[in-house]
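Student: I would like to go through this structure step by step. Please show it first.

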Amino acid sequence: MDEPNHVPEELKAPPLVFPGQRGHESAYRTAHDLLARRAPVEALAVIEPALEQEPGNTGLRSLRAWAYLLRAQLGRAEEELASLVDENPDDDWARHALGRALERQARLAEALPHLRLAAAMSGDPEHEVAVLRVERRLAETGQTSYDDLT
């Protein structure tokens, strides 16, 4: 008798493979698609082997950070994003994501400079909203005054 959660071998889905696609380019496209569909576990299963082959690939590392953010693995996301920002200070996505990771850990004062820089670099209204949200929370919690935020 089969166990209740056991899936017989003949019913398991084959691994996701696209004809003619190999290497980190394929891993990037596949992982990006999975993350856009909010499937971080599956994306990490694609990203990690590709990063073993090419550990310095910034695109794959950015996707890994995104997956960590989706999984609320904020320490891992922060570590990856801090490294990406150190290597490429003008990457507004990485800087904003680092700010968000810090904000989600309630480290608002540390998040604010990253969020401000990302907003200034990108002009993205979503980035500007993040700055205002963190500034407001800092003032509401008494960590700073509204006057000091200008």
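Student: At what angle do helix α3 and helix α4 pack, and how far apart are their axes?

Tutor: Keep in mind that this is a predicted model. Two packed helices are described by the angle between their axes and the distance between the axes. Helix α3 covers residues 58-70 and helix α4 covers residues 74-87. Their packing angle is about 150°, and their axes are 8 Å apart.

Student: Are α3 and α4 roughly parallel or roughly antiparallel to each other?

Tutor: An angle over 145 degrees counts as roughly antiparallel. The angle for α3 and α4 is about 150°. The pair is therefore roughly antiparallel.

Student: Which residues of α4 does α3 meet, and what are the classes of the residues in this contact?

Tutor: From α3, the contact involves Thr58, Arg61, Ser62, Arg64, Ala65, Tyr68 and Leu69. On the α4 side they meet Leu74, Arg76, Ala77, Glu80, Leu81, Ser83, Leu84 and Glu87. By class, the contact of α3 with α4 has seven nonpolar, three polar and five charged residues.

Student: How is α2 placed against α3, roughly parallel or roughly antiparallel?

Tutor: Helix α2 spans residues 40-53, and its axis and that of α3 come within 9 Å. The two axes cross at roughly 150°. That makes α2, relative to α3, roughly antiparallel.

Student: What classes of residue does the contact of α2 with α3 have?

Tutor: Pro40, Leu44, Ile47, Glu48, Ala50 and Leu51 come from α2. They meet Leu60, Arg61, Leu63, Arg64, Ala67, Tyr68 and Leu70 of α3. Sorted by class, the contact of α2 with α3 has 10 nonpolar, no polar and three charged residues.

Student: And α3 with α5, are they roughly parallel or roughly antiparallel?

Tutor: The axes of α3 and α5 come within 11 Å and cross at roughly 25°. Angles under 35 degrees count as roughly parallel. That makes α3, relative to α5, roughly parallel.

Student: Which residues make the contact of α3 with α5?

Tutor: α3 passes α5 in a left-handed crossing. From α3, the contact uses Ser62, Trp66 and Leu69. From α5, the residues are Trp93, Ala97, Ala101 and Arg104.

Student: Is Ala101 buried or exposed?

Tutor: Ala101 lies in helix α5, residues 92-104. Leaving aside residues up to four places away in sequence, Ala101 touches Leu69, Leu74, Glu78 and Leu81. A residue counts as buried under 20% relative accessible area. Ala101 has a relative accessible area of 0%, so this residue is buried.

Student: How far apart in space are Ala101 and Ala111?

Tutor: Along the sequence, Ala101 and Ala111 are 10 residues apart. In space, from C-alpha to C-alpha, the distance between Ala101 and Ala111 is 7.8 Å.

Student: Is Asp148 buried or exposed?

Tutor: Asp148 sits in the segment after α7, the helix of residues 125-140. A residue counts as exposed over 50% relative accessible area. Asp148 has 57% relative accessibility, so Asp148 counts as exposed.

Student: How many helices and strands are there in the protein, and what percentage of the residues is buried?

Tutor: Read along the sequence, the pattern is α-α-α-α-α-α-α. The protein has seven helices and zero strands. Of its 150 residues, the buried share is 37%.

Definitions and conventions
Residues are numbered from 1 along each chain as its sequence is written. This is a predicted model: local features need pLDDT of at least 70, side-chain atom pairs count only at pLDDT 80 or more; totals for chains, interfaces and linings use all residues. Side-chain values use heavy atoms; hydrogens and water are left out. Helices (H or I, at least four residues) and strands (E, at least two) are DSSP runs, numbered from the N terminus. Buried means under 20% relative accessible area, exposed over 50%, partly exposed in between (1.4 Å probe, protein chains only). Axes are lines fitted to C-alpha atoms, for helices over the stretch in contact, and angles run from 0 to 180 degrees between N-to-C directions. Angles under 35 degrees count as roughly parallel, over 145 as roughly antiparallel, 65 to 115 as roughly perpendicular and the rest as oblique. Contact means heavy atoms within 4.5 Å. Ala, Val, Leu, Ile, Met, Phe, Trp, Tyr, Cys and Pro count as nonpolar, Asp, Glu, Lys and Arg as charged, and the others, Gly among them, as polar. A crossing is left-handed if the near helix is turned anticlockwise from the far one by less than a right angle, and right-handed if clockwise.
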